[in-house]
Amino acid sequence: MKNEDESVVVTGVALVSSLGLTADETWDALLSGKHGTLPIKDFNANGFQCRVAAQVQNLDHSSLGVHPRDARIMDKHSYMLLKCARDAFTQSNLDKTSLAPEDIGFFAGMGMVDYKVEDLIPSIMKSMDSERNLDYNAFYSGGYQEIYPLWPLAMSNNISFCQIAISLNLKGENAVFSPHSDSGAQAIIEGMNTIRDKRTKAVLAGGVSEKISPSNLARAHLFKILNTSERDGEKLCRPFAANRNGTILGEGCGMLTLESRSSANKRGVQSLASIAGYGFAFESEEEFAGPTAGAISHAMKEAIDMAEIKPSGIDIIIAHGDGTNVGDKNEIEAIHEIFSDYLNKVNVYSSKGALGHLLAGAAAADTVLGIYMLKNGKIPPTLNSVLSDKNIKFNLVNKSPLKVIPKRIMVNCQSYEGQCVSLIIEMVK
């Protein structure tokens, strides 16, 4: 029997995406049927087959009050994480709490951090010979000194993580998980377990995407997950659609404040939702980078068992739904297996048609959206997927917002190395 007072609840949420710099802005845009996929602006992507992405706009060090000195080892992923961490921290009134810094933990899923070519240009220019070739003798005798001494640190995701922890004076248990969308779910689960084990009293947990960069885009091409087709004149992510042909990368971050229900009651803050269960699995495909249908089924069943419910107790599935042919096929099969007797009652949604694939930020962002669904009684439409896969037997919400009264929502996420995780959030009674 569950002890409701010791259940782990969410008392703050934050979201940054291509559709807005707050959770409210993103939610309103999703209900309006908007998407953030546009031609890549931050660099020349002409050499790539996929030249679109859902990028975050109008977020930099000056808008967040970050000193230019500190900004030298930060980048857009740092700013997204800082913005969300601050917002979730404030919404849950942790900025006004008497909790000691050592009692507040911090966990985040983060991806790869790529260097900026412009950081190396002064050194390269000073190391050129008379024919404009790179002279290594000149580089090692003095040219290297033009590189900012802390430049290597900028490529460690731990550095941004530590900067945010310092900014908010977080001194409790902490860890970074990397690099795919399961890492954001792992961060939430680790935060949940530190509270259950009474190792912390409150936790900030979530995930942040990588910055869209040439290296980031190249990695996605190597995984063969991107929509590189010119069909229909535009490249979009079409989750569970009959004409799906790959995903689109996105930028964004999701962050939650977690604590025990008794702690939230004692502090006088509202419990937005509780985390009821989770499940993990791993099994990779031979010719596809994602997990098998069997692994996805196992993760979902494990989460349902931990929540001490039956499949019929899930009202909404926020699917991984990345728009890849095999990935969506495997998730469809898994949902059919686990919810075989209740398929006409299960509503399924994917955010990736609107926000793109946020990688390490995907699970946390979807969890925030799930909390908004619980609060508002609506499911936004899954974009670009009106012509759904003919094999689907569940209710894919894909035409207009659907009014519902959900009690529990399952969030699925997957890596491109075979891992998958399912989380269950529920209304607080």
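**Entry 1: salt bridges**

I looked up Asp 197 and found that it forms a salt bridge with Arg 199. The closest N and O atoms are 3.1 Å apart. For a salt bridge I needed a side-chain nitrogen of Lys or Arg within 4 Å of a carboxyl oxygen of Asp or Glu. Arg 199 is partly exposed, with a relative accessible area of 35%. My cut-offs were these: buried is under 20% relative accessible area, exposed is over 50%, and partly exposed is in between (1.4 Å probe, protein chains only).

I noted where the numbers come from. The model is predicted, so I kept to its limits: local features need pLDDT of at least 70, side-chain atom pairs count only at pLDDT 80 or more, and totals for chains, interfaces and linings use all residues. Residues are numbered from 1 along each chain as its sequence is written, and side-chain values use heavy atoms, with hydrogens and water left out.

How many salt bridges does the whole structure hold? My search found 16. One of them joins Glu 6 and Lys 198, with the closest N and O atoms 3.3 Å apart. This pair links distant parts of the chain, 192 residues apart. Glu 6 sits in the segment before strand S1 (8-16). Lys 198 sits in the loop between helix H7 (181-196) and strand S6 (202-208). Helices (H or I, at least four residues) and strands (E, at least two) are DSSP runs, numbered from the N terminus. Glu 6 is partly exposed at 33%, while Lys 198 is exposed at 64%.

Next I checked Asp 305 and Lys 301, which meet in a salt bridge (2.9 Å, N to O). Both belong to helix H10 (residues 293-306) and are four residues apart, so about one helical turn separates them. Asp 305 is partly exposed at 42%, and Lys 301 is partly exposed at 45%. I also noted that salt bridges with shared partners join Asp 42, Lys 76 and Glu 251 into one network.

**Entry 2: aromatic rings**

I counted seven aromatic pairs. Rings of Phe, Tyr and Trp (its six-membered ring) pair if their centres lie within 6.5 Å; planes under 30 degrees apart count as stacked, over 60 as edge-to-face, the rest as tilted. Why is the pair of Phe 240 and Phe 394 edge-to-face? The planes stand at 80°, with the ring centres 6.0 Å apart, so the pair gets that label. Phe 240 lies in the loop between helix H8 (214-223) and strand S7 (253-260). Phe 394 lies in the loop between strand S11 (378-379) and strand S12 (395-396), so the pair ties together parts 154 residues apart in sequence. Phe 240 and Phe 394 are both buried. Elsewhere, Phe 139, Tyr 140 and Tyr 144 form one aromatic cluster.

**Entry 3: strand S8**

Is strand S8 (residues 273-282) largely enclosed or open? Eight of its ten residues are buried, so the rest of the structure largely encloses S8. I then looked for its partners; two strands pair if DSSP finds at least two bridges between them. S1 and S8 run antiparallel, joined by two bridges. Val 10 stands opposite Ala 273 in S8. S8 also pairs with strand S15 (residues 419-426), again antiparallel, over eight bridges. There Tyr 278 stands opposite Leu 423 in S15.

**Entry 4: Leu 31**

I found Leu 31 in helix H1 (residues 23-31). Leu 31 is partly exposed at 22%. Its C-alpha atom is 8.0 Å from that of Ser 400, 369 residues apart along the chain.
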